[in-house]
Amino acid sequence: MHELTTVELTKKFQKKTAVQGVSFTLTNGVCGLLGENGAGKTTLMRMLCGLLAPDGGQVLCDGEQIARLGGGYRRLLGYLPQSFGYYPNYSALRFLRYMAALKALPKTYADARIEELLALTGLSDDRDRKLKTFSGGMLRRVGIAQALLNDPQILILDEPTAGLDPKERVRFRNLLSSLGRNRIILLSTHIVSDLESIADHILMMQKGCLTASGSIPEILSVGKGYVWECRVSEREAAELEQTHVIANLRSQGDGVCMRIISREPPATGAVPAEPALEDAWLYVLNNEQNEEGGD
Amino acid sequence: MKKTEFEKEISRMFQDSRVAVDEEKKRQTFCLLAGVIAEQKLVPRMSFPERIRTQLYFVEWRILLAQLLCMLLSAAVYVRADLPWIQAAPYLPAGIASVLSGMLLVLACNREEASGIAELAASCYFNHRQLAALHMVLCGGVQLACLAVPAVLLGKRMQVGAAAMGLYLTVPYLLTGCVEFAVLLTGFGRKSNFTLLAAGCVMAVITGSAATQPELYEPAALGTWIAVFAAVLAVYAAELAAVLERAKFVRMQAAAWEQN
């Protein structure tokens, strides 16, 4: 079992601090990284992959700095970047063989592994088609397949479900869940529901900082007592939208059903609701914004 | 494998049910063993010769074919010794071929950046710098062989020694490389190959113009050629090092900055 640790990790670009003092430890299991656009998730993942040198702090694998481990660390690593580049004129099979060559996998092992992964990702029938003819979802599946080629012990996936349809997302979640038992998986996403059913641990980032960290029950307890459901008129709904964080809004008949994040009951007749991960996320986000506004 | 007496005794004990097996503990032990085996599972490594052979398979063959075409065309031109423009500017075809070769080498090495695969490649066992260097060595080796053909034909025609002919072809090759690397370092060429192609065409025009000046190829000018070669080689090496170093971090930083 491996352990991936960051210690006060910091990265700055010119005047902007993309990641500030982030510390956490990952062990076997699925860890979800939640954050808005520009929160620093991609920068953090790039530092974990050794693609960016941190300006402060360090990334340790089993107690050793990953920069010192070099190729030895990259042998353990599988990475799917958010912007997945590929050679358009390569077929899926040729591209996976190319990635296998980059990962220094012997041909016989690579061929067997590629067959396995093409079947796993449902691309066996499309293996000889050129990548430029693939849909976005199919390309994402090729990306997932290449990340798994070397049977990585540390899998880092940046927005892996982007472009996948619901059926593909379910298939992908099930795959990750089975893989997470004996390896470290870190995945970033905007789709909170992707994490709810498979993540063992959640990290929340905002403006480069880690704002919350814990198991899903621990994260949900953050939002406990702050989630309300109510049914109001359209006029009241419009007013509430201006003054509160709305998790969900649904027109029903002559009223509007709302799910609201608030410290106090937002409207007459509002009842407390069990928080979901998305509610906790909105609560943390709103809390941070209020603290900044207060400063 | 033949069982030892001890193993046979153990088997008999279990068959006789003298040792009761706790099913729950059996399941736990099995899970534990599976975990240990999974941890120790070793992905086989590739031998060094196999690494080189595999990378050869993925060299950009279109670029090498273009290189071969350059060589064949320039050789074909020299075989037709009676063409009037060849007699007027004999160094022109070989000069153009060496410029195009210099451009093709940089194109071959920039393909990962141009296709957007550089970030993914950098996270693999072979890092981007190692790959770029390996591709340069492989492509460069093929190019040297290809340029030797027009060099030999031209050398025989002009009664010029091998060393001088090497200078007349290597200087435009390296100079083109310097210009192409400069384009890469400024960022214009990194994402698209068209800027690199345009720079190559400009160099071909400049080299073509120089090739029509016979005084440049007189023996008296050899000293100048040697000095230019030394200077251009130093710049080429420095720019190559800068390109490979930039590939390591700065490009990633710039891309990350743009994204955030």
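Strand β4 (56-61) of chain A pairs with strand β5 (residues 64-65) of chain A in the antiparallel sense, over two bridges. Strands here are DSSP runs of E of at least two residues, helices are runs of H or I of at least four, and both are numbered from the N terminus; two strands pair if DSSP finds at least two bridges between them. A:L60 has A:Q65 of β5(A) as its bridge partner. β4(A) and β5(A) form a hairpin with two residues between them, and A:D62 in the turn has a positive phi of about 55°.

This is a predicted model, in which local features need pLDDT of at least 70 and side-chain atom pairs count only at pLDDT 80 or more, while totals for chains, interfaces and linings use all residues. Residues are numbered from 1 along each chain as its sequence is written, and chains are lettered from A and ligands numbered from 1 in the order in which they are written.

On its other pairing, β4 (residues 56-61) of chain A joins β1(A) in the antiparallel sense over five bridges. There A:V7 stands opposite A:Q58. Strand β1 (residues 4-13) of chain A also holds A:E8.

Most residues other than glycine have a negative phi.

| Residue | Phi | Location | C-beta atoms within 10 Å |
|---|---|---|---|
| A:E8 | about 45° | β1(A) | 12, exposed |

By the count of other C-beta atoms within 10 Å, with C-beta atoms placed from the backbone, a residue is buried at 20 or more, exposed at 12 or fewer and partly exposed in between.

An open sheet of six strands in chain A has the order β6-β7-β8-β3-β9-β10, with mixed pairing. β6 and β10 (209-214) of chain A stand at the edges with a single partner strand each, so one side of each has no neighbour in the sheet. From one strand to the next the twist averages 15°. Within the sheet, β3 (residues 29-35) and β9 (residues 201-206) of chain A pair in the parallel sense over five bridges, and A:C31 is partnered by A:H201 of β9(A).

α1(A) packs on the sheet, touching β3, β7 (154-158), β8 (184-189) and β9 of chain A, and its direction makes about 155° with that of β7(A). Axes are lines fitted to C-alpha atoms, for helices over the stretch in contact, and angles run from 0 to 180 degrees between N-to-C directions. Helix α6 (residues 136-147) of chain A lies across β6 and β7 of chain A, running at about 165° to β6(A).

The axes of α4(A) and α6(A) come within 10 Å and cross at roughly 30°. This makes α4(A) roughly parallel to α6(A), a term for angles under 35 degrees. α4(A) contributes A:A92, A:F95, A:L96 and A:M99 to the contact, and α6(A) contributes A:V142, A:A145 and A:Q146; residues are in contact if their C-beta atoms, placed from the backbone, lie within 7 Å.

Between the chains, 34 residues of chain A are in contact with 31 residues of chain B. On the side of chain A that touches chain B, α1 (41-48), α3 (71-76), β6 (77-80) and α4 (92-102) of chain A each supply at least two residues. That side has 20 nonpolar, nine polar and five charged residues. Ala, Val, Leu, Ile, Met, Phe, Trp, Tyr, Cys and Pro count as nonpolar, Asp, Glu, Lys and Arg as charged, and the others, Gly among them, as polar.

Methods: Two residues are in contact if their C-beta atoms, placed from the backbone, lie within 7 Å. Angles under 35 degrees count as roughly parallel, over 145 as roughly antiparallel, 65 to 115 as roughly perpendicular and the rest as oblique.
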